[in-house]
Amino acid sequence: MIKALGSLLFYGRFLRSFSALGFQRRSREWPPFKPDFSGQRWLVTGATGGIGRAVALAANRRGATVLALARSERKLEALRKAADHPARMLPVSADLSSIARVRALTGEPEIQAAPIDVLVNNVGVLLNDFETTDEGLEASFATNLLGPFTLTESLKTQDLLDADGIVINVSSGGMYGTPLKLEEMDCRGEDDYDGMAAYAMHKRAQVELTRYWNEHWQGEPAVHVMHPGWVDTEGVKTALPGFRTALRGILRDAEQGADTILWLAETRPAPTEEGIWLDRELRPEHEFAFTRKSRHDAEDLAGFLHERRESVRA
Ligand SMILES: NC(=O)c1ccc[n+]([C@@H]2O[C@H](COP(=O)([O-])OP(=O)(O)OC[C@H]3O[C@@H](n4cnc5c(N)ncnc54)[C@H](OP(=O)(O)O)[C@@H]3O)[C@@H](O)[C@H]2O)c1
């Protein structure tokens with residue numbers, strides 16, 4: 001009962017901002033947007049569905065060569081066929097939840113060919129049921145956090161991220177509901193698992209990781225974190241069917257969800273010390289006082305992820 005009331009208050013607070021209503025209201029003020037990504041190399045994770053697909057297709061249309069990463073080869077082929085310039089839509093079939101597979105990625109010729117200008121860490125899943133990967137990791141932790149962390153760090157350490165480029169981490173407004181708690185980051189057992197809480201925690205962690213990378217990389221490349229608002233995608237249909245039914249008429253479409261990612265890639269703002277982008281504006285990282293209270297910070301998080309990554313190798 002208390003949990004249901006909490007959810008109602010949480011969603012009610014953000015309804016006008018995160019739904020299509022917020023996008024429509026804000027976008028009325030925006031000048032025409034015709035980005036030019038000619039000659040750029042993009043790596044978009046989760047490129048075959050929802051927001052990632054809209055990003056991959058738009059970047060390709062606007063001149064970029066897109067390395068499109070997802071698991072299903074069938075969906076990757078459909079994406080290539082749907083692209084305006086299929087020769088510049090390059091499929092990369094990989095499961096981001098497999099740390100061994102992610103490590104191997106940077107050795108692949110199409111990734112090694114030249115540094116990436118724009119990395120969009122878009123994959124994110126809310127798994128209602130507890131699952132573990134073959135490497136013994138909780139599956140949403142591996143998919144949302146450890147896989148993207150390993151990918152981004154590997155690209156950076158192997159000079160495969162262009163220093164003038166940009167990394168865009170796709171978080172979620174769900175992160176407003178939780179402080180950073182390392183002890184709950186990688187749930188070890190079914191009894192303690194709450195898919196929504198795990199998802200929110202991973203999304204909060206992406207905000208902290210953005211800070212960590214900006215502090216350590218000094219803008220080479222710049223890292224930004226954004227959230228797309230509430231978007232009608234397969235992910236939402238599968239994970240949050242009740243939410244989708246209740247809000248169906250006012251959910252954003254995938255292009256609206258992708259807009260700020262494309263805008264960041266085009267405008268390339270300098271890294272910021274804090275904040276999360278929504279609808280082309282930097283917003284606060286916290287909306288509730290309790291989420292500021294954490295025993296852990298970005299350095300602790302990165303240390304934890306390095307350790308977990310190495311434990312997979314062991
Ligand atoms: N939709 C929303 O309302 C909303 C709100 C806030 C934040 N977000 C965030 O926006 C991002 C995109 O969400 P979405 O709703 O567009 O997602 P989606 O519709 O579920 O699309 C998921 C994409 O990720 C790929 N994928 C899933 N698991 C993967 C894995 N283990 N390895 C590689 N690729 C994988 C899928 O392709 P395969 O299945 O072929 O791998 C597909 O291309 C996520 O980070 C999400 O948290 C979404």
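User: Which residues does Ser97 touch, not counting residues up to four places away in sequence?

Analyst: Quick ground rules: this is a predicted model, where local features need pLDDT of at least 70, side-chain atom pairs count only at pLDDT 80 or more, and totals for chains, interfaces and linings use all residues. Residues are numbered from 1 along each chain as its sequence is written, and side-chain values use heavy atoms, with hydrogens and water left out. With contact meaning heavy atoms within 4.5 Å, and leaving out residues up to four places away in sequence, Ser97 touches Thr133, Glu135, Ala139, Ala142 and Thr143.

User: Is Ser97 buried or exposed?

Analyst: Ser97 sits in the loop between strand E3 (89-93) and helix H5 (99-105); helices (H or I, at least four residues) and strands (E, at least two) are DSSP runs, numbered from the N terminus. Buried means under 20% relative accessible area, exposed over 50%, and partly exposed in between (1.4 Å probe, protein chains only). Ser97 has 10% relative accessibility, so it counts as buried.

User: Which residue's side chain makes a polar contact of 2.8 Å with the side chain of Ser97?

Analyst: A polar contact is a pair of N or O atoms within 3.5 Å; within protein, one must be able to donate a hydrogen and the other to accept it, and residues adjacent in sequence count only if both atoms are side-chain atoms. At 2.8 Å, the side-chain partner of Ser97 is Asp95.

User: Which residue's backbone nitrogen lies 2.9 Å from a polar atom of the side chain of Ser172?

Analyst: Ser172 is in the loop between strand E5 (161-170) and helix H8 (195-217), and it counts as buried at 12% relative accessibility. Leaving aside residues up to four places away in sequence, Ser172 touches Tyr199, Lys203 and His227. The backbone nitrogen at 2.9 Å from its side chain belongs to Gly174.

User: Which residue does a cis peptide bond join to Glu220?

Analyst: Look in the loop between H8 and strand E6 (222-226), where Pro221 is found. Omega is about 0° for the bond that joins Glu220 to Pro221.

User: What is the phi of Asp279, which is not a glycine?

Analyst: Asp279 is in the loop between strand E7 (276-278) and strand E8 (281-283), and at 2% relative accessibility it counts as buried. Asp159 has a positive phi too, near 55°, but that residue is exposed with a relative accessible area of 61%. For Asp279, phi is positive, at about 50°.

User: How far is Leu8 from Asp191 in space, C-alpha to C-alpha?

Analyst: Leu8 lies in helix H1 (residues 2-18) and counts as exposed at 63% relative accessibility. The pair is 183 residues apart in sequence, and Leu8 to Asp191 in space, C-alpha to C-alpha, comes to 25 Å.

User: What is the radius of gyration of the protein?

Analyst: The secondary structure comes to 12 helices and 8 strands. The protein is as compact as a globular protein of its length, because the globule rule gives 20 Å for 314 residues and its own radius of gyration is close to that, at 18 Å.

User: What percentage of the 314 residues is buried?

Analyst: The C-alpha atoms fill a box of roughly 55 × 55 × 40 Å along the principal axes. Of the 314 residues, the buried ones make up 54%.

Terms used. The radius of gyration is taken over C-alpha atoms; the globule rule is 2.2 Å times the number of residues to the power 0.38.
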